Each structure stands twice: as structure tokens, then as C-alpha cells.
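Thanks for coming. I will show one structure and talk through a few of its side-chain pairs.

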Amino acid sequence: MEVKINTEGAKTLVELNGRIDTTNADQFQKDIAPLMQGDAMDIEMDCSGMDYTSSQGLRIFLMLQKSVGSRKGKLVLKNMKAQVREVFDITGFSNIISIQ
């Protein structure tokens with residue numbers, strides 16, 4: 001999993017590439033820890049390069065959503081592949097996290 005984080009004004013843009021699974025979920029959490037601990041209000045994640053997420057990845061997205069929500073910000077996941085979107089839909093995460 002490759003994570004690129006760029007801040008443009010008040011918005012933080014994140015590009016995700018690869019798979020989030022048991023082998024790299026801890027690293028993914030470390031990579032996005034600044035987003036959970038920082039003061040970024042609005043975070044937009046480009047998921048066009050994300051091929052898969054396990055339940056561990058879903059847990060990390062939920063943690064990020066809660067963190068951003070506590071700051072009255074908004075987390076948006078964009079350009080998600082159909083097979084990844086299906087995981088979010090089946091688990092109900094698409095009702096918790098904004099997906100465009």
C-alpha cells in the first residue's frame with residue numbers, strides 16, 4: 001500500500017494505491033496517523049488505485065472517520081473500484097463514510 005498525502009489550503013488530499021490487508025494494515029494506520037491526530041478538517045481520499053481492503057483496513061477508515069467527525073470535518077472517499085465499493089456496501093460502511 002502506498003499513501004501520498006498533500007495539503008492544499010483547508011483540504012487534505014490523500015492518494016491510495018495497492019491493497020490494505022493483514023500484511024500492511026499497521027503501516028497504513030501509521031501512514032495516516034497524522035490525519036487522525038492533526039487538525040485537518042476536510043480529507044478527500046482518491047481510492048482509484050486501491051485494489052482491496054480487509055476488515056482491518058475498514059477499521060482504520062472508521063477510526064479516521066470518527067477522528068475527522070469529532071473535529072466537525074468531512075471524510076470523502078472518491079473513485080473507488082467496484083469490488084472495493086462492494087465491500088463498503090456489504091459491511092454498511094458506505095452508510096457511515098461518504099463515498100463519491
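Which side chain meets that of Lys11 in a salt bridge? The partner is Glu44, with 3.3 Å from N to O. Keep in mind that this is a predicted model.

Lys11 sits in strand β2, while Glu44 belongs to strand β3, residues 42–53, so the pair ties together parts that are 33 residues apart in sequence. Lys11 is partly exposed, at 37% relative accessible area. Glu44 is also partly exposed, at 21%.

Glu44 has another salt bridge, to Lys78, where the closest N and O atoms are 3.4 Å apart. Lys78 lies in strand β4, residues 74–78, and Glu44 in β3, so this pair ties together parts that are 34 residues apart in sequence. Lys78 is partly exposed as well, with a relative accessible area of 24%.

Now to a helix. Arg85 and Asp89 form a salt bridge, their closest N and O atoms being 2.9 Å apart. Both are in helix α3, residues 82–91, four residues apart, which means about one helical turn separates them. Arg85 is partly exposed at 30%, and Asp89 is partly exposed at 37%.

In total, the structure holds six salt bridges.

Last, a loop residue. Thr23 is in the loop between β2 (11–20) and α1 (25–37). Is Thr23 buried or exposed? Thr23 is exposed, because its relative accessible area is 70% and the cut-off for exposed is over 50%. Its side chain makes a polar contact with the side chain of Asp21, at 2.5 Å.

Methods. Residues numbered from 1 in each chain as written. Predicted model: local features only at pLDDT ≥ 70, side-chain atom pairs only at ≥ 80, totals over all residues. Heavy atoms only, no water. Helix = DSSP H or I, 4+ residues; strand = E, 2+ residues; numbered from the N terminus. Buried < 20%, exposed > 50% of the residue type's maximum accessible area, 1.4 Å probe, protein only. Polar contact = N/O pair within 3.5 Å; in protein donor to acceptor, adjacent residues only side chain to side chain. Salt bridge = Lys/Arg side-chain N within 4 Å of Asp/Glu carboxyl O.
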